[in-house]
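User: Could you take a close look at the cavity in this model for me? I'd like to know what lines it and how it was found.

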Amino acid sequence: MSKNNTIFMLRMLVLRRSLKGSDKLSEYVKSPLNYVGGKYKILPQIIPLFPKDMTSFLDLFGGGANVSVNVKANQIIYNDNNTQVVEILKTIKEISTEDALKYIDSLIQEYNLSKENADGFLKLRSDYNKSENKNPLMLYTIICYAFNYQIRFNSKGEYNMPFGKNRSSFSPVLREKFIRFSEELHNKLILFYNSDFRGYDSMKASRKGFIYCDPLYLNSTATYNEQDGWTEKDENDLRTMLKSWSVQGLKWGLSNNIAINTTLADWANENRYNIHYINNSYGNSNYHKKDKSDKDIKVLITNY
């Protein structure tokens with residue numbers, strides 16, 4: 001079979017799976033953070049592939065928490081190396097939904113925020129960057145009015161996304177999304193951590209625990225993490241950890257793109273891991289691929 005025919009058959013397979021699960025998307029809670037590479041749209045495809053009997057869940061590269069907030073486990077551990085994002089999520093979890101909305105609304109009123117008022121946005125962004133004790137919900141409010149709702153910081157740690165003129169706002173739809181997400185966080189036992197993923201190398205997990213990994217793709221750079229990226233060393237360290245966890249009898253899943261990460265499929269096959277092909281439809285995933293060709297094969301690799 002030719003390479004083109006193989007690619008075509010894979011795309012037909014993931015399309016059928018996507019259509020089968022698309023009507024269930026409304027059952028899932030969506031994060032109010034527009035995180036690059038967020039997995040909300042493919043939750044109906046990946047969550048059914050997770051172990052049915054897991055009691056604990058570790059989201060090693062948690063991002064916007066779309067996966068963490070929707071899994072069913074007695075204990076959920078969220079981890080990410082983006083300090084500001086972790087603090088936003090922790091704050092939403094720790095304070096009441098009502099108090100969070102009151103604070104956001106007070107900022108909108110104080111700075112006269114709207115889709116047209118660039119000056120108000122820039123003043124709020126400046127005040128946040130200059131403040132010594134930064135309120136995570138202040139940053140969240142800025143993000144709501146930023147271009148494409150994106151999260152990005154410069155080398156000084158300052159939020160530097162431009163104004164989202166005529167597009168971005170804390171709209172009624174986003175408010176409802178925030179409320180639903182906040183209430184779901186309050187109903188779950190979720191612990192939030194801000195660590196490099198290698199800190200979990202010697203983690204003693206339950207045999208009924210499950211580790212989910214959704215790192216940056218090798219050979220790509222996400223806008224929210226332009227200063228660090230994902231290196232060959234990061235990739236190799238993660239693969240070493242995954243193999244170690246398999247030896248320990250721990251179950252894990254790895255989301256990735258085997259067209260961009262060109263050695264990953266061979267690695268998975270060599271170790272006899274399972275490759276589940278996923279249809280992907282990101283709306284605002286601004287990955288800047290080194291390979292500009294039309295190659296996009298998303299997968300969930302599992303060791304069970």
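Analyst: Let's start with the rule: on a 1 Å grid over the protein atoms alone, a cavity is a set of points where a 1.4 Å probe fits but cannot get out, and lining residues have an atom within 4 Å of a point. Grid points are joined across faces, edges and corners, and a volume is the space filled by probe spheres set on the points. By that rule you get one cavity of 30 Å³ or more. Keep in mind that this is a predicted model, where local features need pLDDT of at least 70 and side-chain atom pairs count only at pLDDT 80 or more, while totals for chains, interfaces and linings use all residues. Residues are numbered from 1 along each chain as its sequence is written, and side-chain values use heavy atoms, with hydrogens and water left out.

The largest cavity has a volume of about 40 Å³. Its lining is made of 11 residues, and K39, I42, S255, K298 and V299 are the ones nearest the centre. As for secondary structure, β5 (251-257) and β7 (298-302) each give at least two residues to that lining; strands here are DSSP runs of E, at least two residues long, numbered from the N terminus. The largest share, three residues, comes from β7.

Technical notes:
On a 1 Å grid over the protein atoms alone, a cavity is a set of points where a 1.4 Å probe fits but cannot get out, and a pocket is an open set with protein on both sides within 12 Å along at least five of seven lines; lining residues have an atom within 4 Å of a point. Helices (H or I, at least four residues) and strands (E, at least two) are DSSP runs, numbered from the N terminus.
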